[in-house]
Amino acid sequence: MIRRHPGRTAWTCILLSGCGAARTGPDAVQFRDSAGIEIVASAAPNQPGPFTIDSLPEIDIGRDTADPRQLFRSSYLSAHVLSDGRIVAAGWGTQELRVFDSTGKSLETIGRIGAGPGEFEGFGWVFVGSGDTLYTFEPFNRRAQVFAPDGRFLRFRTVTSSRIGGFPWGKGVLADGSVLFTSTPPTGKPRAPGLVRPPTNLLRYRPDGGDVDSLGTAPGKEGAFALLGKMELWYERPFGRTTLVAVTGTKIYVAPTDRFEIAVHDSSGRLLRLIRRAIAPQRVPAAEADSMLADYINGLGAEYREAGRRALSSIAGPATKPAFQNLVVGSDGSIWVEHYNEPVHGPTVASVFDSTGALRGEVTLPPGLGLLQVGPGFVLGTWQDADGAAHIRRHRLRGRI
């Protein structure tokens, strides 16, 4: 199970001589085995990998303002390139899937507003399973639906389980068609004000039936609770840690942002490998901490600002920034880890590991691009223009990982 994390024991083992089999990979990457768990540790210096990403996009969905299907109300998008080159996208809060051709031109929409099969009341995510099967998950009403690649409706299910508490976040589809999402476990009682980091449940379910299975827990997002009358409020901690989760094929990748480490599990939650990179943490300058806190508070609704200011000002800010901010697994099993870059001081850099966990080098991402998908010869991501409009961009990836 994921919560039985043997990482600290394994790290002690790697420091001792004669502990498990070892082999040395490229660029000072060490492979060691401890109790059946492979540990891949890299001490390689910062250096470019044998690949680059074109700075200008091949496709820019959102540029054609005359086409309402290219406009998204929220900057939070999920999108995927299908095997035939089409792009399917869902904007947060929309009531339809949008499909574009390989050039970014609008083709069709799937679904409409409503509570029935094939209808949507507020999107969260769209994922792509085997054979380009489309899976959707609406977090507010906890509905999962499945569509054929041509948009035909297949299955519908409302996910109910006592293991779900708070707001469930969709993460991806495994090879067997089960969907993984995370959710804060229900507590049944109010939390004390102050700094908290509630755990997050990793939950798996099949849209065609069956119960929701728990694969364990991981550290959740840091924040502060406050009471406003009888209302319990939660505020995100600036520069706070969280846990990133990615899913592909038969593997689940779990990465708390406290340190540069990715845990690779099989679809049952069994730990297979730990991938580590030695990178010195970035310190948080006082001016940046004050600026981040002010921006966050000012972005809240007026009725919640004072309670948020009191709650977050009462806890000490972290001395260092999170190790990274995004985790994407490519179609070839490569692992792309975006280094933390908030507030944005320059281009975002990603460490790229191959499917064995060996570091292949770093790559600079196109300015402002947030990775969504890495496929053969391309990267897909979100981008926001100067007016705040959300775009989906596809860039060419050159070289081999």
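D67 is buried in this predicted model, with a relative accessible area of 12%; buried means under 20% relative accessible area, exposed over 50%, and partly exposed in between (1.4 Å probe, protein chains only). D67 is found in the loop between β5 (59-61) and β6 (77-81), where strands (E, at least two residues) and helices (H or I, at least four) are DSSP runs numbered from the N terminus. Although D67 and K105 are 38 residues apart in sequence, their C-alpha atoms are 9.4 Å apart in space. The model is predicted, so that local features need pLDDT of at least 70 and side-chain atom pairs count only at pLDDT 80 or more, while totals for chains, interfaces and linings use all residues. Residues are numbered from 1 along each chain as its sequence is written, and side-chain values use heavy atoms, with hydrogens and water left out.

D132 counts as buried, at 13% relative accessibility. For R142, phi is about 55°; its place is the loop between β13 and β14 (143-147). R142 is partly exposed, its relative accessible area being 24%. A further backbone feature is the cis peptide bond from E342 to P343, with omega near -5°. P343 belongs to the loop between β28 and β29 (349-353).

Within strand β19 (residues 199-205) is N201, which is buried, with a relative accessible area of 8%. When neighbours within four places in sequence are left aside, N201 is in contact (heavy atoms within 4.5 Å) with R163, F181, T182, S183, P185, S214, G216 and T217.

The largest nonpolar core has 20 residues. A nonpolar core is a set of buried Ala, Val, Leu, Ile, Met, Phe, Trp, Tyr and Cys residues joined through side-chain atoms within 4.5 Å. Y253, I262, L327, I335, V337 and F353 touch the most other members of this core. At least two of its residues are supplied by each of β2 (29-34), β23 (243-248), β24 (251-256), β25 (261-266), β27 (324-329) and β28 (335-339). The most, three residues, come from β27. Beyond its neighbours within four places in sequence, V337 is in contact with F260, I262, F324, N326, L327, V349, A350, S351 and F353. Another core, of 15 residues, lies apart from the largest one and includes W125, V159, L203 and Y205.

Two packed helices are described by the angle between their axes and the distance between the axes. The axes of α2 (residues 286-298) and α3 (residues 302-313) come within 9 Å and cross at roughly 155°; such axes are lines fitted to C-alpha atoms, for helices over the stretch in contact, and angles run from 0 to 180 degrees between N-to-C directions. This angle makes α2 roughly antiparallel to α3 (under 35 degrees counts as roughly parallel, over 145 as roughly antiparallel, 65 to 115 as roughly perpendicular and the rest as oblique). On the α2 side, the contact is made by L293, Y296, I297 and N298, and on the α3 side by R305, G308, R309, L312 and S313. By class, four of these residues are nonpolar, three polar and two charged; Ala, Val, Leu, Ile, Met, Phe, Trp, Tyr, Cys and Pro count as nonpolar, Asp, Glu, Lys and Arg as charged, and the others, Gly among them, as polar.
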